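Here is a short briefing for a first look at this structure. Keep the sequence and the 3D view side by side as you read.

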Amino acid sequence: MKDKDSKVIIKNKAIKYLRIYLNKNKFNTIFIVRGNKSFKNSEAEKEIESMSNDFNFIFFNKFSSNPKYSDALVGAKIFIEQKCDCIISIGGGSVIDMGKLINVFQSHKSIEKDIILGIKKINRKLKPFIAIPTTSGSGSECTHFAVVYLKEKKYSIASKHLVPDLALVDYSLTLKLPRYQTACSGMDALSQAIESYWSVKSNIESRKYARKSIKLAINNLFDSVNNPSQISRKNMMEASHFAGKAINITKTTAPHALSYKISQVLKIPHGHAVAITLGYFFELNHFSYDINGPRSKVYLRKIMNQVYKYMGTNSPEKSKNKWFKLMSDLGLENNFKKLFRNNNENRSLKTYDIRYIVKSINIERLQNHPVKLSNKQLENIFF
């Protein structure tokens, strides 16, 4: 199924195009899903304020960092009551996903839960949707899926209708992003690109996007965090966008499957949670002979060698070491046991904690991973 066509503008001050687009389409009452600090720290708030006399903006920002089903229902109710013409998401991946969910729910009233559970499909026209990312991580502005949590369980909905009609990718919105958030979102983008490259669903097109993303991130992530400049932030915004285009074709794999529960258990952002395990998969993928899908071990070894090359290494061991050194250089703690103690009142990590994380995995994501993984292999990562 082909995703719908969307317009993407990647440039400095791309957000300036928003007024033109809204006027051209004669929108009046506009529902804005926004982050909190990211919206205030970026140029987005100033730009929206400059248009407040010309448009009726309805703001929605009372939702958790992980997009919840209940929050999206509230947003959809407000959207309907205010008779909004379109929806704009301004923020990181969770904010953009929340916008997608609200857009689905406002047009599929009474069957929202069935859509989340996969019982029914998105089959009605949605309102025009504009995505304006303020972080360089998720690439959600160009994907056809959204994450949602229902009773603390993670689900993912997918449809060609979820691709934004317009994406304004403006690196100037990330210039005041805090160091830790820049590091987490950057590692998320790099993780997505690497996972997409080795995914069983990868193809020539997805690997083209993933390759661009990996190279941009490897060459700019350190500076974007530790010595930020317009060029490093610009390149990381592009790395994030290309990673999004890559996973839009392939989806992600085991590190992302593990990350959602890790994020809850350790109380850390998604990008940090993904990064803390991905480094171990270079060796797991390289040395395993239990291949997923029809591709051979020789093919996978070729793919892995290409990943090492784009990372500037030549082996799984060196790639793992470079990965965890990069985390350290970015100020991201990479010791799982230490993070667990720090965020769980000095309680030591137990086997049942690890099993709790492993049992939470989305099986679909493991089927997308290039090699078959046992629970024991996954548990060993954490010790």
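Predicted model: local features only at pLDDT ≥ 70, side-chain atom pairs only at ≥ 80, totals over all residues.

A parallel sheet of six strands is one feature to find. Four cavities of 30 Å³ or more are counted. There are zero disulfides.

**The sheet**

- Strands of a sheet pair through backbone hydrogen bonds, which can run parallel or antiparallel.
- At the edges sit β1 (7-10) and β3 (56-60), each with pairing on one side only.
- On average, neighbouring strands are turned by 15 degrees against each other, with direction ignored.
- Take β3 and its partner β2 (residues 29-34): five bridges join them in the parallel sense.

**The largest cavity**

- Rolling a probe the size of a water molecule over the atoms shows where empty space is left.
- The largest cavity holds about 80 Å³ of space.
- Its lining has 13 residues, and those closest to the centre are W198, R295, Y299, L300 and P370.
- Two elements give two or more residues to this lining: α7 (179-198) and α13 (297-311).
- Helix α13 gives the most, with three residues.
- By type, the lining of the largest cavity has eight nonpolar residues, four polar and one charged.

**The second largest cavity**

- The volume of the second largest cavity is about 50 Å³.
- Its lining is made up of S38, N41, S42, T134, L173, T174, K176, L177 and P178.
- Here the residues divide into five polar, three nonpolar and one charged.

**The cysteines**

- How many disulfides does the structure hold? The number is zero.
- C84 is in no disulfide, and the nearest cysteine sulfur belongs to C86, 8.1 Å away.
- C86 is in no disulfide either; for C86, the nearest cysteine sulfur is that of C84, at 8.1 Å.
- A disulfide needs two cysteine sulfur atoms within 2.5 Å.
- Is C84 buried or exposed? C84 counts as buried because its relative accessibility is 4%, and the cut-off for buried is under 20%.
- C86 is buried too, with a relative accessible area of 0%.

**Positive phi angles**

- K26 is a residue other than glycine with a positive phi, near 55 degrees.
- Where is K26 found? It lies in the loop between α1 (17-24) and β2.
- K26 counts as exposed because its relative accessibility is 75%, and exposed means over 50%.
- K151 also has a positive phi without being glycine, and its value is near 50 degrees.
- The loop that holds K151 runs between β6 (145-150) and β7 (153-158).
- K151 is exposed, with a relative accessible area of 76%.

Terms used. Residues numbered from 1 in each chain as written. Heavy atoms only, no water. 1 Å grid on protein atoms, 1.4 Å probe; cavity = no way out; pocket = protein on both sides within 12 Å on 5 of 7 lines; lining within 4 Å. Points joined across faces, edges and corners; volume = space filled by probe spheres on them. Helix = DSSP H or I, 4+ residues; strand = E, 2+ residues; numbered from the N terminus. Nonpolar A, V, L, I, M, F, W, Y, C, P; charged D, E, K, R; others polar. Buried < 20%, exposed > 50% of the residue type's maximum accessible area, 1.4 Å probe, protein only. Pairing = 2+ DSSP bridges. Axes fitted to C-alpha atoms, helices over the stretch in contact; angles between N-to-C directions.
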